[in-house]
Amino acid sequence: MADNTEILSGLAEIVEEVAGIDPPEVTVEKSFVDDLDIDSLSMVEIAVQAEDKFGVKIPDDQLAELKTVGDAVDYIAKNQ
Amino acid sequence: MNSQVEVVVTGTGATTPLGGDVASTWEALLAGRSGVRRIEADHPWVDEFDLPVKIAAPLAVDPLEVMPRVEARRLDRAEQVAMIAAREAWAQAGLGEPGDAQVDPERLGVVIGTGIGGVTTLLTQDDLLERTGLRKVSPLTVPMLMPNGPAAWVGIEFGARAGVHSPVSACATGAEALHWAMKLLRAGEVDVVLAGGAEACIAGITVAGFVQARTLSRRNDDPERASRPFDVDRDGFVLAEGAGVMVLERADFAAARGATVLGRLAGTALTADAYHITGPEPEGEGQARAIAKSVRDAGLEPADVGHVNCHATSTVAGDVGETRAVRKALGDHPVLTAPKSALGHMVGAAGAVESIVTLLSIKEGIIPATLNLEKLDPGVTLDVVAGEPRKMDLAAAVCDSFGFGGHNAAVTFTRV
């Protein structure tokens, strides 16, 4: 089981791979859409990669609720 | 000249089997280099399916070498090459930063087509679906395989809000795009258009399909001599990939912003054979009509046209028929060349890249040689440049392109 710090850095790696954003930019308070400029198509890719990396399921209705990086970290921590 | 709105070329961009830009492509053409090579080392499907064709003309510069990784992963290869060519053309035209350009976005259009579309994406994603199921299929699959994708990405890049269009007419696509761009400019709907074609379809299924249609050269043991338009020993075309884009604008608009003009797009025409889905009409009547109409559209007489940059793909049926069409349309005097001898056949990009070559021939006063023309087919009675490039003072030249489906396109360029 990954702790929150590991989840954050793992997510940052995925975001870097999919959207080319520097990992230090990916912090818990950032909004995927408004701050990191990630579109809905890239969010689907990020979710699929996060599912594989952390062994979680992120259904579409949950994905829509993950507005910030922190939301995603919390969701993964709770559901892994 | 006719009374139509005058249209000029102010920028050109290309990435081809001979070079990653227009200058390197042109230099290689004049040097007589070939872009054709064996491909089985890069494409395992050649051996996997024991395909009888093991040659193609891949890009000289891989898009990933010049495009940021994250951008590249969102774009199909056909979209990547369109973007690379469009950026070069835009930069040469000196239109400024996208978003703060010298043209009103609502007066900027895009007409960029592809013959096949994102076939490598389609194959890759279908493999993923079959092997791993839905989850691994990219959400970008549809925008990557759609044939309007190259035009759409270029439109987004440069903020072209007047309209983004994607003509599709197989191997005539690139030239057809110039035709519709011309129409938009003359109709006064736009001031500037990015126009051309893009193709990246070197894949097992396309090669297999062309093989089954008996259209590809099988000269695997001598790749650089495989594409030999007008030569008596030609045995088919060589599949290539690439893109060509021109910046076209109203002459008055270009003059007002002080742009450097490379040449004029003086006339364009499209016709159709309505005859056979792949074979050209044997008398070349539809091709001749396209060539003649394009010259008339330019306000010129056949005698004014000194040179035709031919479609000539190196197929047995096509090449000779085309020379008959040129004779019928223009007479015996035009000097011909066939750049596919060096570039291979870039399908939907061919007409755009070859239009750039035609423009440069006029501008520089030199016609690249047709490679591998050792023994002229006796059916060809016109003068074909072979061996060495030929210096020639050209006031006007035609580039023609024909596509599966019976599409005939011809564009006429003139000197500034």
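Which residue of E5(B) stands opposite Val111(B)? It is His165(B). Hold that pair; we will come back to its strands.

First, the ground rules. This is a predicted model, where local features need pLDDT of at least 70, side-chain atom pairs count only at pLDDT 80 or more, and totals for chains, interfaces and linings use all residues. Residues are numbered from 1 along each chain as its sequence is written, and chains are lettered from A and ligands numbered from 1 in the order in which they are written.

Chain B, overall. There are 15 helices and 14 strands in chain B; helices (H or I, at least four residues) and strands (E, at least two) are DSSP runs, numbered from the N terminus. The radius of gyration of chain B is 20 Å, close to the 22 Å that the globule rule gives for 416 residues, so chain B is as compact as a globular protein of that length. That radius is taken over C-alpha atoms, and the rule is 2.2 Å times the number of residues to the power 0.38. The C-alpha atoms of chain B fill a box of roughly 60 × 55 × 40 Å along the principal axes. Of the 416 residues in chain B, 59% are buried. Buried means 20 or more other C-beta atoms within 10 Å of the residue's own; 12 or fewer is exposed, in between is partly exposed, and C-beta atoms are placed from the backbone.

Now the sheet. In chain B, 10 strands form an open sheet with mixed pairing, in the order E5-E4-E6-E7-E1-E8-E14-E13-E9-E10. Two strands pair if DSSP finds at least two bridges between them. The edges are E5 (163–165) and E10 (335–337) of chain B, each pairing on one side only. Neighbouring strands are turned by 25 degrees against each other on average, direction ignored. Axes here are lines fitted to C-alpha atoms, for helices over the stretch in contact, and angles run from 0 to 180 degrees between N-to-C directions.

Back to our opening pair. E4(B) and E5(B) are parallel, over three bridges. E4 (residues 108–113) of chain B also pairs with E6(B), again in the parallel sense, over six bridges. There, Leu108(B) stands opposite Val192(B). On to E7 (residues 242–250) of chain B: E6(B) pairs with E7(B) in the antiparallel sense, over eight bridges. Gly196(B) stands opposite Val245(B) in that pairing.

How many of the eight residues of E6(B) are buried? Eight of eight, across residues 192–199. In a regular strand the side chains alternate between the two faces of the sheet. Both faces of E6(B) are covered, with Val192(B) and Leu194(B) among the buried residues on one side, and Val193(B) and Glu199(B) among those on the other.

Next, the domains. An automatic or database assignment sets the bounds: domain 1 (7–256) and domain 2 (266–414) of chain B. In contact are 61 residues of domain 1 and 55 residues of domain 2 of chain B; contact means C-beta atoms, placed from the backbone, within 7 Å. H9(B) gives the most to the domain 1 side, with eight residues. By class, that side has 32 nonpolar, 20 polar and nine charged residues. Ala, Val, Leu, Ile, Met, Phe, Trp, Tyr, Cys and Pro count as nonpolar, Asp, Glu, Lys and Arg as charged, and the others, Gly among them, as polar.

Last, chain A. Six residues of chain A are in contact with eight residues of chain B. H2 (residues 40–54) of chain A gives the most to the chain A side, with four residues.

Methods. Two residues are in contact if their C-beta atoms, placed from the backbone, lie within 7 Å.
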